[in-house]
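Student: I am new to this structure and would like to go through its terms one by one. Please show it first.

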Amino acid sequence: MNHSNPTFLWGAATSSHQIEGYNDKNDWWAWEALGKIERGERSGSCTDHWHRFREDLKRAADLGMNSYRFSVEWSRLEPQEGQWDSEAFDWYFELIQECERLGLVPMLTLHHFTLPLWMAEQGGFSWERAPELFGRFTRKVVERLGAKVALWCTINEPMVLTAGCYLGQFMPPAIYSPEKARMACHHLLKSHVIAYDLIHREIPKSESRWKEITPQVGIAHNMIDFVPDRTWSVIERWLAEQLHQFYNISWLDAITGRGQRFGFPMLMAQAPIVPEANERVSVDYLGINYYTRARVQFTPKLNGPPINVAFARKGEAASDVDWPIHPQGLQKVLKIAGSYELPVYITENGIADRDDDLRPRYIREHLREVAMARQNGIDVRGYYYWSLLDNFEWVKGFDPRFGLFRVDYNTFERTETHSARVYQEIIEKHKSFGGGAEDLVKLASFLSE
Ligand code: BGC
């Protein structure tokens, strides 16, 4: 596996708080205790992955996957400021070793939405010290786990995190403060750049079976295909474009050194909520999380921006959380990502589908778009289905079922879905063509059958 002829990475993605269980020293745990989750649910023992990681990884490997994206839980590794939990590091080391044994290239995410409580209490990423502390945390992870990890994802969905915490109020601390949003965005970018430099500088010599993979550091960026609700409306067309620039583009521009081309001042209370531009490329690949499209509506109101983001229309094919199924949007966002001339990974793509009747087609159709993107010259290197297992879907609790494996939350039993077998068949077919990224092109016709 090298840069010129990369084996395509087939994987699934998860995050610590959504599967491990008993992450009781982070901000989400505390927020759940305040009754903020739908139906008053709490993550509790979750899927009990902490005790079942071996069998879960085996499930991934048995489907033919060759990679696995997961996140390390900062609040386990540094439960109190400056105190490191050696046993928690050992657990992640074992997890990574198990990946290696099973032939799964690990992609390690350093931050996936949760913060240690001690950090959240000081303001989380809106706190000035956040970049320095994130850097210190990154250094520890690199020291302890770095010899085994080549693929790094610093921060999951910085834009969603900023919006969730300080604008849309669906993540702790759930306050409306454009100023804090602006600070958080800025500090997240700084944190990323610090981690990017640090990993490249300090990563130990590889002791993994994939020595030939050059360390790559990126982020996972959520992209949505924004469309005007009413195509005839000039203002909604304009708003959709503004939102696209703000939500999809500004982060990509900032981390690739293209400068700060865009602010969203008049809609977001005079504070340009975009990361301040970085002066150089500080990313080796772009990770794209793509799920759906959204309709942008012009809704003038007295307080707040005159904009509403809506999802499925009545009768439209959509997931259980009402996100329209829109594979063509993946093609669009990949084209944009490709224009930065960096390798691209689809770090998340998936659907909440309790009955598993839409998911097989969802996977096939989205992968066909991936294959077509490759055909159009975009350097897509991997695809991670979200998610390996059903899990704790943040404020929506356990109801949405994203998993390739169903989880029974009473017994923790896992059941394979039909979709898992569909995904397995696609991976096998692709391997029969050679398994390289360029062989995706051959996969396109198989996926169109
Ligand atoms: C997040 C995941 C989440 C998924 C489905 C992504 O935005 O990274 O944590 O579960 O979407 O909502």
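Student: What volume does the second largest cavity have?

Tutor: About 50 Å³, where a volume is the space filled by probe spheres set on grid points that are joined across faces, edges and corners. This is a predicted model, in which local features need pLDDT of at least 70, side-chain atom pairs count only at pLDDT 80 or more, and totals for chains, interfaces and linings use all residues. Residues are numbered from 1 along each chain as its sequence is written, and side-chain values use heavy atoms, with hydrogens and water left out.

Student: What makes a space a cavity and not a pocket?

Tutor: On a 1 Å grid over the protein atoms alone, a cavity is a set of points where a 1.4 Å probe fits but cannot get out, while a pocket is an open set with protein on both sides within 12 Å along at least five of seven lines. The search of the whole structure finds 4 cavities of 30 Å³ or more.

Student: Which residues line the second largest cavity?

Tutor: Among them are Thr14, His49, Tyr68, Trp91 and Leu95; a lining residue has an atom within 4 Å of a point. Helix H1 (16-19), E2 and helix H5 (86-102) each supply at least two lining residues. Helices (H or I, at least four residues) and strands (E, at least two) are DSSP runs, numbered from the N terminus.

Student: What is the volume of the largest pocket, and which residues lie nearest its centre?

Tutor: The largest pocket has a volume of about 1,300 Å³. It is lined by 43 residues, with Val160, Ala163, Phe170, Tyr247 and Phe311 nearest the centre. H8 gives the most to this lining, 4 residues.

Student: How does the lining of the largest pocket divide by class?

Tutor: Into 27 nonpolar, 10 polar and 6 charged residues. Ala, Val, Leu, Ile, Met, Phe, Trp, Tyr, Cys and Pro count as nonpolar, Asp, Glu, Lys and Arg as charged, and the others, Gly among them, as polar.

Student: Which element gives the largest share of the lining of the second largest pocket?

Tutor: H8, with 4 residues. The second largest pocket has a volume of about 270 Å³, and the residues nearest its centre include Asp27, Ala120 and Tyr166.

Student: Why is H8 called largely enclosed?

Tutor: Because 8 of its 9 residues are buried, and buried means under 20% relative accessible area, against over 50% for exposed and in between for partly exposed (1.4 Å probe, protein chains only). The buried residues include Val160, Leu161 and Tyr166. What covers the buried residues of H8 includes E3, E4, H9, E5 and H10.

Student: How many residues of strand E3 (residues 105-111) are buried, and what joins E3 to its neighbours?

Tutor: In E3, 7 of 7 residues are buried. Strand E2 (residues 67-71) and E3 run parallel, joined by 5 bridges; E3 and strand E4 (residues 151-156) also run parallel, joined by 4 bridges. Two strands pair if DSSP finds at least two bridges between them, so both counts meet the definition. Met107 in E3 stands opposite Arg69, and its bridge partner in E4 is Leu151.

Student: What makes a set of residues a nonpolar core?

Tutor: The set must consist of buried Ala, Val, Leu, Ile, Met, Phe, Trp, Tyr and Cys residues joined through side-chain atoms within 4.5 Å. The largest such core has 144 residues, and those with the most contacts inside it include Trp10, Leu108 and Leu110.

Conventions: Contact means heavy atoms within 4.5 Å.
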